[in-house]
Amino acid sequence: MALSDKISYLHKSGTGVLLPPADFKGAVGVLLTERGTPSLQLGSESVTPAPGQLLFIPEGVIAYATAKAETDASLTLLSYPVAMLRENMELLDRELFEMFLLQARTCPVLLSEEDAIYTKALDALRTAETEYQSKETCYGLAMRAQVCRLTALFLRRYAQQSRVGDDR
């Protein structure tokens, strides 16, 4: 399953394969575990997010999710083209974004309710979901706004963590 160059939304519940192998070439994503404990594979990294956790999926990985019968998981995935972001970033933002993407390929970025940006990130994901489901006039534009908001939140968190690491 290759992702398109458009913003896409997926909600899937059940057991077995919830997200078939998807090529995130040219795209990134934010995945919310609604229920259960699915097993996710992001390239060579394995992740088991808890219910309510948000996972950033970096560009350039093959990602898929499965759930065992006893976990009966539910996932929401918002994926969006990286080119859309890069084209609308200032140079310093773009450099930060590229560093973030490199790190996210080997160190999964998972948000829990304790994270300072969690509530805002979840709100952006839910707002994009509502826009997608309503398909009102200009819903694509409204979804792009939420995608930019999500990306900015992840980049701010990454920049703050990088500065904390530099202070040691």
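1. Helices here are DSSP runs of H or I with at least four residues and strands are E runs of at least two, numbered from the N terminus.

2. Before going on, a word on the source: this is a predicted model, where local features need pLDDT of at least 70, side-chain atom pairs count only at pLDDT 80 or more, and totals for chains, interfaces and linings use all residues. Residues are numbered from 1 along each chain as its sequence is written, and side-chain values use heavy atoms, leaving out hydrogens and water.

3. Which residues of α3 are buried? They are Tyr118, Ala121, Ala124, Leu125, Ala128 and Glu129, buried meaning under 20% relative accessible area with a 1.4 Å probe, protein chains only. Seen down the axis of α3, the buried residues fall within an arc of 135°, so they line one face of the helix; the arc is that of the directions from the helix axis to the C-beta atoms.

4. After α3 comes Lys135, with a positive phi near 50°.

5. Now the sheet: five strands form an open sheet in the order β1-β8-β3-β6-β9, with antiparallel pairing. Two strands pair if DSSP finds at least two bridges between them. At the edges, β1 (8-14) and β9 (109-111) each pair on one side only.

6. Within the sheet, eight bridges join β3 (residues 27-35) to the antiparallel β8 (residues 73-81). Leu31 has Leu77 in β8 as its bridge partner.

Technical notes
Buried < 20%, exposed > 50% of the residue type's maximum accessible area, 1.4 Å probe, protein only.
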